[in-house]
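Trainee: I've got a chain open on my screen and I'd like to talk through its fold. Could you take me through it?

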Amino acid sequence: MFSPSDLDALHVSGFEKFHRYGKIVRETPLPGVNVVWLFDPNDIATVLNDHGNGNFPQRRSHLALEKYRNDRPEIYRTPGLLPTNGEMWWKLRSQVQKNLSSPQIVKSFLTEVDAITKNFLDKLNLNRARNDLLPELARLNLEIIGFLAFDTHLNSFSDAERHPKSRSSRLIEAAEESNSCILPLDQNFPLYRIFETPLYRRFRESQEVLEKVALELVEKKVQELTGNDDKVGKKSLIEEYLRNENLEIRDIVGMAADFFLAGIDTTTYTSSFLLYHISRNAEVQQKLFEECQKVLPEEDSNITENCLQEIPYAKAVLKESLRLNPVSVGVGRVLGADTVLSGYVVPRGTIIVTQNLISCRLPVHFYQPEYFVPERWLKITRNSAPHPHLVLPFGHGMRSCIARRLAEQNMLLLMIRIVRKYKLEWKGTPKLDFHTKLVNKPSSPIAINLTERTRK
């Protein structure tokens, strides 16, 4: 069994395992549960590209979420995309990804998300940012989710919504609580299936908060659409799902809750690390500012599709941040067939956890891997390109993050806007580490001094 400290610092134990045992490590955290950690990108490629599961790559994850939703068949038809496997998973994924994966649909949200980001920066309290920017970024990402999913303004930046009992505050707290419970519930003996343990109670109560708001917002959207089937213009994600005859209302409620569960913390934490690296590297920030100034001659200029085609350095900055601080330690899979990895035959049914976070910090794969060097992504040639299965912050293949393009676009918008408006100076701990919960969370406050740039 894993102790709480082990689960909170998987990157530390991962480095120790690699240096002690090498590029493939087996352990048995529970009786009958075999886990293999992979550090070699060639082994990672073998698993992710030839997993023996046909069209349905399997994984063992979010088991408590599976139980929670299976116990509520009146609300959910399936446990959702996160814990489900097999044909049931693909039937759901194939329908909901249509409105999240299309580059054109993602671009269609650009103007509105940019407006939300500008509003966020206009209302940002600089003293709060100096103390800890992370809670403010959580409000930004919640507001964006409300717009993208429901075409609703949750007013997350308002004084009223900052109250601890407000809807916004409860959603942010519930998403963080759920995500902090999932990994220990997955990795330890599932006593919660026999009786309600304190940890599962925390998880259940946090899920009930997300569920309640999801039900309310979906019902509101159903009422808006009643008798208004001919609505023109861009539609919210939930609205598109409601018009899809292959989805039931129970599928849509699950997706609505998943937007909060999977969308708030992942982008918030990733954006926090991104701004941390920018604020600590003056030369990088200056180059980034000069690029942002070119695409936005005036601070209040609109960000267009063309702008996003003309920011190679900003994209390199984002990629370098994702290399050093990905959303999670790696990718999980369950082998569907016996597989040879590093010369060992690993049997069918073994749980694989790829260790991309650690592999991306090894000098064998990257020159001076601990340094933040966006330029490494601008000088890639055919002979110098890193292994394609090293940097996988959004997962891989059919089970990759369904909202990857949206997340990347939103983070680029934030980066351009905040660097164009402010000079960022790091005021926090000398070196920011992370807690490896279900998603990697900064280990200390994101303390950044923001100084408004002089307008010319």
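This is a predicted model: local features need pLDDT of at least 70, side-chain atom pairs count only at pLDDT 80 or more; totals for chains, interfaces and linings use all residues.

Trainee: Okay, how much of the chain counts as buried?

Mentor: Take the cut-off we just set, under 20% relative accessible area. Apply it to the 456 residues of the chain, and the buried share comes out at 56%.

Trainee: What radius of gyration does the chain have, and what would a compact globule have?

Mentor: The C-alpha trace spans about 65 × 60 × 40 Å along its principal axes. For 456 residues, a compact globule would come out near 23 Å, and the chain agrees with that, its radius of gyration being 22 Å.

Trainee: How many helices and strands are there?

Mentor: Of the contacts between residues at least 6 apart in sequence, 72% join residues at least 24 apart. The elements in this chain number 19 helices and 10 strands.

Trainee: How are H17 and H19 oriented to each other?

Mentor: H17 covers residues 312-324 and H19 residues 404-421; their axes come within 11 Å and cross at roughly 115°. The crossing is right-handed. Angles of 65 to 115 degrees count as roughly perpendicular, so that's the label for H17 and H19: roughly perpendicular.

Trainee: Which residues of H19 does H17 meet?

Mentor: From H17, the residues involved are Ala314, Lys315, Val317 and Leu318. By class, this contact has 6 nonpolar, no polar and 2 charged residues. On the H19 side, the partners are Glu408, Met411, Leu412 and Met415.

Note on methods
Residues are numbered from 1 along each chain as its sequence is written. Side-chain values use heavy atoms; hydrogens and water are left out. Axes are lines fitted to C-alpha atoms, for helices over the stretch in contact, and angles run from 0 to 180 degrees between N-to-C directions. Helices (H or I, at least four residues) and strands (E, at least two) are DSSP runs, numbered from the N terminus. Angles under 35 degrees count as roughly parallel, over 145 as roughly antiparallel, 65 to 115 as roughly perpendicular and the rest as oblique. A crossing is left-handed if the near helix is turned anticlockwise from the far one by less than a right angle, and right-handed if clockwise. Contact means heavy atoms within 4.5 Å. Ala, Val, Leu, Ile, Met, Phe, Trp, Tyr, Cys and Pro count as nonpolar, Asp, Glu, Lys and Arg as charged, and the others, Gly among them, as polar. The radius of gyration is taken over C-alpha atoms; the globule rule is 2.2 Å times the number of residues to the power 0.38. Buried means under 20% relative accessible area, exposed over 50%, partly exposed in between (1.4 Å probe, protein chains only).
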